[in-house]
Amino acid sequence: MNKNCELPVSALKKIIALEAFDFNTTKDISPLSSVIGQKRAVSSITFALEMKESGYNIFVTGSYGTGRTTIVTDLLNQAAKIRSAPSDWVFVYNFSNPDEPNALRLPSGEALKFKKRMNRHILTLTSDLEKTFESKTYLESKNELVDRFQQAKQMIYSEVEKEAAAVNIRIKSTNAGFATIPVVDGKQISSKEFLDLPPEQQEEINKNAGVVQKSLQHMIRKLNLIDREMDEKIDALNEEAARFVVNNHFEDMIEKYSHCSDVTRYLKAAADDIVDNVDEFTGNGEVKESQEVHPSSLPYGLNKYQVNILIDNSKQKGAPVVYETNPAYHNLFGRIEKKSYQGYVYTDYTMIKGGSLVSANGGYLVLDADQLLKHSFAYEALKRALRSKKLRIEDMNTFYGYSSTVSLRPDPVPLDIKVVLIGHREVYRMLHNYDEEFRKIFKVRADFDTEVKETKSSLRQYIQFIARVVKEEELLPFNRSGVSAVLEYGYRLSEDQKKLSIRFGELVKIIREASFWAGKKHKKIVSSKEVAFAVESKIYRHNLVEDKVHESIMEKMVNIQVRGSETGQVNGLAVYSLGDYSFGRPSRITVNTFIGSRGIINIEREAKLSGKIHDKGMLVLSGYFSEKFGRTIPLSFSATITFEQNYGTIDGDSASSTELYALLSSLSGIPIKQGIAVTGSVNQKGQVQAIGGVNEKIEGFFKVCSARRLTGEQGVMIPKANEKNLLLSDEVVEAVKAGKFHIWSVDNVEDGIEILTGIKCGLKHKDGSYTSESIFDKVRQQLVQFAESAHQFRKSLGSSAKKADDDKED
C-alpha cells in the first residue's frame with residue numbers, strides 16, 4: 001500500500017495555539033468593538049453612505065447568521081451620530097382645497113411646540129373674540145350703525161305712509177309684506193264694506209291703492225339696499241374687530257416662523273379664514289382653557305385649525321435608523337384612516353398617519369428583501385418614492401382601481417433617505433437581471449462572507465467576539481480551553497484549517513448553550529468539556545434520521561461491507577442534508593462489465609434517478625477510458641454502474657472517482673478492499689478533484705466501521721485537495737493515532753487504485769500496452785478479449801447467415 005498517501009494524525013485536525021494571547025478567562029478580554037472579516041462588505045456600505053447622489057441605496061447579500069443585520073445597523077448608527085436630526089413634518093388644513101392637505105416642514109423638535117401654540121391660540125382667540133364682540137365699545141358701534149340705518153328706513157317708510165294717508169290709504173305690515181287698507185270718513189273699512197260702496201268710489205280707492213302699491217315696491221327696494229349696506233357695514237365692523245384680535249394672536253407666531261415660508265403662508269391663511277368665519281367662534285359653546293384640545297372635543301368648525309403631527313423628532317439624536325420588520329405598504333408609507341358615524345364613513349387631514357419611511361426620513365431605513373417582495377404594491381411603491389424623492393401617503397383603494405369614494409390627496413413629503421435591503425444572493429440576482437429600475441436605485445451591493453482567513457488579528461477579534469457575547473448576554477466566563485473549543489467549532493463550520501467561520505448565529509448558539517450546561521452542572525467557568533457537550537447535545541437533537549440510517553446498516557437492512565475484498569464493488573460516501581444538520585453515510589457502488597457496444601450505462605439515469613451533474617460525471621468516465629485505452633484498441637464493452645439500495649435521486653460528481661475504481665476492478669478482475677471507502681471527483685485526465693462534506697463522510701464511515709469493530713485496515717481515501725478541510729472529531733483522530741483507522745489522500749486515479757487493491761496501475765508503453773500484471777494491463781487485456789470475442793461472434797454470425805443463404809439456393 002502507498003504509505004506516502006497516508007495522512008499523519010497532525011493533518012487530521014486543527015491545532016489551536018493560544019500562546020500569543022494572555023488571558024485566563026473571557027473576563028480578561030476587552031469585548032469586540034469592530035467587524036471581523038467583512039472588509040469588502042464594510043467598504044461597500046461605507047462608500048454608499050458617503051455618496052450623496054441619488055440611487056446609491058444598498059442591497060446586502062450573504063448567508064443567514066453572518067451578522068449582516070447587526071453589522072449594518074452598527075454602521076448606520078455610527079453614520080447617523082454625526083448627522084443632525086431631521087426636520088419635523090405636520091399636516092394642516094388646506095383652506096383653498098380641503099381635499100389636498102398641506103405638508104409643512106418644521107425644524108427638528110418644533111412640531112409639538114407648533115401644535116401646542118396653535119391649540120393655545122385657538123382657545124384664547126375664541127375667548128377673546130367672544131369678549132370683543134360682547135364689549136361695550138363694539139356693541140355701541142354696532143348699535144350706532146343699526147340705529148342710523150333704522151332711522152333712514154323709518155324716514156322712507158314715513159314718507160310713503162304720508163303719501164298713502166293723503167289718498168285715504170293706510171299701510172299695514174304683515175308676514176307677507178305690506179297691505180293697503182282703504183279709509184272712509186277716517187275709518188278703515190272691511191272688504192264687505194268696500195263692496196257696499198258705490199262703484200265710482202270703489203274705482204277711485206283702487207286707483208289710489210295702486211299708486212300706493214307702486215310706492216311700497218319702490219320703498220322695499222330702498223329698504224333692501226339700506227339693509228344690504230347695513231350688513232356690509234356690520235361685516236366691515238366685525239372684520240375690523242376680528243382682524244385686530246386675530247392679528248394680535250398671530251403676529252408673534254408669524255414672526256417666530258418667518259424662516260419657514262410654508263408655515264407663515266399657512267398662518268396667514270388660517271388668520272384670514274378665522275376672520276372670514278368669525279361667527280363660528282362667537283356663536284358656539286364655551287371652550288374651557290383646561291380642556292384637552294382634540295378634534296373630537298373642540299367646537300364645531302375648529303377642526304381645520306388643528307395640527308396633525310406626522311413625525312416628531314424632538315427626542316431624536318442624530319439621523320434616525322429604522323429597521324422595519326414587517327414592510328407592508330401601510331407600515332412603510334402610512335395610511336389615511338377613516339371613521340364611521342351614523343352609517344357613513346368620513347376622513348380628514350387629522351387622520352393621516354405616517355409609516356417607516358416618514359420615521360426614517362433624513363436617515364436610514366433597513367428592510368428585509370424577502371418580506372418586502374411578499375407584500376403587494378410595497379416594492380413598486382418604494383421604487384417610485386426613491387426615484388421621485390417624494391413620499392405620497394395614498395389610500396390603498398386607488399391601487400385596486402376603486403374610485404367610488406373620494407379620499408384625500410395630501411401633499412407629498414420630500415424624501416431624503418438611504419434604504420438598505422437585506423436578502424439572499426438569489427433575490428439580488430433575480431432583481432438585478434429582470435428589473436432595470438432596481439439597478440438604477442440600488443447601485444451598491446454589500447456581499448457578506450461566511451469565513452475569514454486565520455491571522456493573529458482575526459484570532460484576537462474572534463476571542464474578543466466570544467468575550468462580547470459573554471458580557472452582553474451575562475453568560476458564564478469561558479476559560480482558555482473553552483475559548484479554544486469555540487475556535488475549533490468555528491474552524492469546523494468553515495471546513496477549512498486556515499479559515500474561521502463568521503456565521504455568528506451558529507457560534508452564539510454554542511456559546512449560550514455551553515454556558516447553560518455549565519450552569520446546570522453548577523460550574524462557574526465554561527471549559528472545553530461544556531462546549532463539547534453543547535455541540536454533542538445540538539447534534540443529538542437533530543440526528544434522529546442519521547441514527548435510523550445507521551441502525552438500518554447495523555441490522556443489515558442496508559448491505560454495507562467493511563471487511564474483505566470484492567471485485568467491481570466499492571464503498572462510496574455521500575452527505576445527506578436535513579436543512580439544519582448534515583451527516584455522511586456509505587453507499588455500496590457495484591459495476592458489471594460485459595461484451596457490448598453501449599459503453600458505460602448509468603442505471604440511475606435509466607431509472608430517471610440521476611441528476612445532471614451525476615450524468616456529467618459518467619460521461620467524464622467515458623472520456624477517461626477513451627483516453628487511456630481507446631487510442632490503440634476499439635472499446636467494445638458495456639458496463640452497468642449503480643448505487644445499490646438507492647431509491648432516491650442522486651446528483652453530484654463526488655462519487656465519480658469511486659465509480660471509476662469499481663469499473664477498473666470489474667474489468668481487471670482484481671478485488672477492492674471493502675474496508676476502504678472512497679470519495680472524490682475525477683476529470684478526464686484521471687486527476688482526483690476536491691469535494692464537499694469531507695468530514696461528515698469520513699465520520700459517517702468511521703461510525704459504521706467502529707460499530708462493527710475496527711480491524712486496523714479500514715479507512716477513507718479522499719482527494720489531496722481536501723486535506724486542508726480535515727477537522728475530524730476526537731474519536732476519529734484517536735482511532736487513527738492508535739493505528740485502527742486510516743486516512744489517505746490522492747491526487748490521481750493511479751495512486752487511488754493502488755491503495756484499494758495493493759497493485760500498481762503500470763506504465764504505458766509505446767504500443768499502448770502497460771506493465772505486465774498491472775491493473776491497467778489487466779484492464780487492457782480484458783478490453784482486447786471483449787473486442788476479439790465480439791469480432792469472432794460477428795464473424796460467426798456472418799458465416800452462419802451465408803450458409804443459410806446457400807442452403808436456400810439449393
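**A chat about burial, a sheet and a helix**

User: What share of the 810 residues in the protein is buried?

Analyst: Buried residues make up 48% of the 810 residues in the protein, where buried means under 20% relative accessible area, exposed means over 50%, and partly exposed lies in between, with a 1.4 Å probe and protein chains only. This is a predicted model, in which local features need pLDDT of at least 70 and side-chain atom pairs count only at pLDDT 80 or more, while totals for chains, interfaces and linings use all residues. Residues are numbered from 1 along each chain as its sequence is written, and side-chain values use heavy atoms, leaving out hydrogens and water.

User: How many helices and strands are there?

Analyst: The protein has 26 helices and 30 strands; these are DSSP runs numbered from the N terminus, with at least four residues of H or I for a helix and at least two of E for a strand.

User: Which strands form the open sheet, and in what order?

Analyst: The open sheet has 5 strands in the order S8-S13-S16-S1-S17, with parallel pairing, and two strands count as paired if DSSP finds at least two bridges between them. Its edge strands, each pairing on one side only, are S8 (321-324) and S17 (444-447). Neighbouring strands are turned by 20° against each other on average, direction ignored, with axes being lines fitted to C-alpha atoms, for helices over the stretch in contact, and angles running from 0 to 180 degrees between N-to-C directions.

User: How many bridges join S1 to S16?

Analyst: Strand S1 (residues 58-61) and strand S16 (residues 418-423) run parallel and are joined by 4 bridges, and Thr-61 stands opposite Gly-423 in S16.

User: Switching to helix H1, which of its residues are buried?

Analyst: In H1, the buried residues are Ala-41, Val-42, Ser-44, Ile-45, Ala-48 and Leu-49. Seen down the axis of H1, they fall within an arc of 160°, so they line one face of the helix; the arc is that of the directions from the helix axis to the C-beta atoms.

User: And what sits on the face turned away from that buried side?

Analyst: That face of H1 carries the exposed residues Lys-39, Arg-40 and Glu-50.

User: What covers the buried residues of H1?

Analyst: The cover includes S1, helix H2 (68-81), strand S13 (364-368), S16 and S17, where contact means heavy atoms within 4.5 Å.

User: Which helix lies across S1, S16 and S17?

Analyst: Helix H13 (residues 425-434) lies across these strands, running at about 140° to S1.
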